[in-house]
Amino acid sequence: MTVTVFIRYQLDPFKRAMFEQYSKNWLSIIPKCGGDLIGYWMPHEGTNNIAFALISFDSLASYESYRARLRADADGSANFGFAEEHKFILAEERTFLRKVVA
C-alpha cells in the first residue's frame, strides 16, 4: 500500500523566498534519499503563509528508512540547518494518507 505524506507548513510570510529556496533544494535531495516527491506548493493568492508538500512511499517502513537516509545525507542535513538558522518555518504538520481505490 502506497503511503503519501502530506506536509502543511506555516511560514513567516516575510521569508517566503527562503522557504522557496528550501523547497527547491529538496527537489533533488528527496528522490536521492528514496522519496517519490510529488511536489511543493507555495502561496500564490489569498493566504500568504501556508505551503504544502506531498511525498509518496511504498509503506510506512519505507518512510522510516527514508527519514534515516535524509538525516544522514550531507545535503539534507544542510537544508534542515538552513531552515533552523533562518526560522522561516513556524509550524509543520504531517498527515499520512492512502489513496482510495475501488
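Predicted model: local features only at pLDDT ≥ 70, side-chain atom pairs only at ≥ 80, totals over all residues.
Residues are numbered from 1 along each chain as its sequence is written, and side-chain values rest on heavy atoms, with hydrogens and water left out.

Helices and strands are taken as DSSP runs (H or I over at least four residues for helices, E over at least two for strands) and are numbered from the N terminus. An open sheet is formed by four strands in the order β2-β3-β1-β4, with antiparallel pairing, where two strands count as paired if DSSP finds at least two bridges between them. Because β2 (36–41) and β4 (89–97) stand at the edges with a single partner strand each, one side of each is left without a neighbour in the sheet. On average, and with direction ignored, neighbouring strands of this sheet are turned by 15° against each other; the axes behind such angles are lines fitted to C-alpha atoms, for helices over the stretch in contact, and angles run from 0 to 180 degrees between N-to-C directions.

Strand β3 (residues 50–57) pairs with β2 in the antiparallel sense over five bridges, and within this pairing Tyr 40 stands opposite Ala 53 while Leu 37 stands opposite Ile 55. Strand β3 is also joined to β1 by eight bridges, again with the strands running antiparallel, and here Arg 8 is the residue opposite Phe 52. Six of the eight residues of β3 are buried, so this strand is largely enclosed by the rest of the structure; buried denotes a relative accessible area under 20%, exposed one over 50%, and partly exposed the range in between (1.4 Å probe, protein chains only). Helix α1 (residues 16–32) lies across β1 (3–11), β2, β3 and β4, and runs at about 170° to β2.

Val 5, which lies in strand β1, is buried with a relative accessible area of 0%. Beyond its neighbours within four places in sequence, Val 5 is in contact (heavy atoms within 4.5 Å) with Ala 53, Leu 54, Ile 55, Phe 57, Tyr 63, Arg 94, Thr 95 and Phe 96. Val 5 and Arg 67 are separated by 62 residues in sequence and by 12 Å in space, C-alpha to C-alpha. Trp 41, located in strand β2, is partly exposed, with a relative accessible area of 40%. When residues up to four places away in sequence are not counted, Trp 41 touches Ala 51, Phe 52, Ala 53 and Leu 54, and its C-alpha is 5.1 Å from that of Phe 52, a residue eleven places away in sequence.

Rolling a probe the size of a water molecule over the atoms shows where empty space is left. On a 1 Å grid over the protein atoms alone, a cavity is a set of points where a 1.4 Å probe fits but cannot get out, and its lining residues have an atom within 4 Å of a point; grid points are joined across faces, edges and corners, and a volume is the space filled by probe spheres set on the points. A search of the whole structure finds one cavity of 30 Å³ or more, and the largest cavity has a volume of about 90 Å³. The lining of the largest cavity comprises 13 residues, of which Ile 7, Tyr 9, Tyr 40, Arg 67 and Arg 94 lie nearest its centre. The elements that give two or more residues to this lining are β1, α1, α2 and β4. By class, the lining residues divide into ten nonpolar, no polar and three charged, where Ala, Val, Leu, Ile, Met, Phe, Trp, Tyr, Cys and Pro count as nonpolar, Asp, Glu, Lys and Arg as charged, and the others, Gly among them, as polar.

Further residues belong to helix α2 and to the loops. Ser 65 is found in helix α2 and counts as partly exposed at 35% relative accessibility. Asp 73 occupies the loop between α2 (60–72) and α3 (74–86) and is buried, with a relative accessible area of 15%; apart from residues up to four places away in sequence, Asp 73 touches Ile 29, Lys 32 and Cys 33. Lys 87, in the loop between α3 and β4, is by contrast exposed, with a relative accessible area of 56%. Most residues other than glycine have a negative phi. The phi of Lys 87 is near 50°, a positive value in a residue other than glycine.

Technical notes. 1 Å grid on protein atoms, 1.4 Å probe; cavity = no way out; pocket = protein on both sides within 12 Å on 5 of 7 lines; lining within 4 Å.
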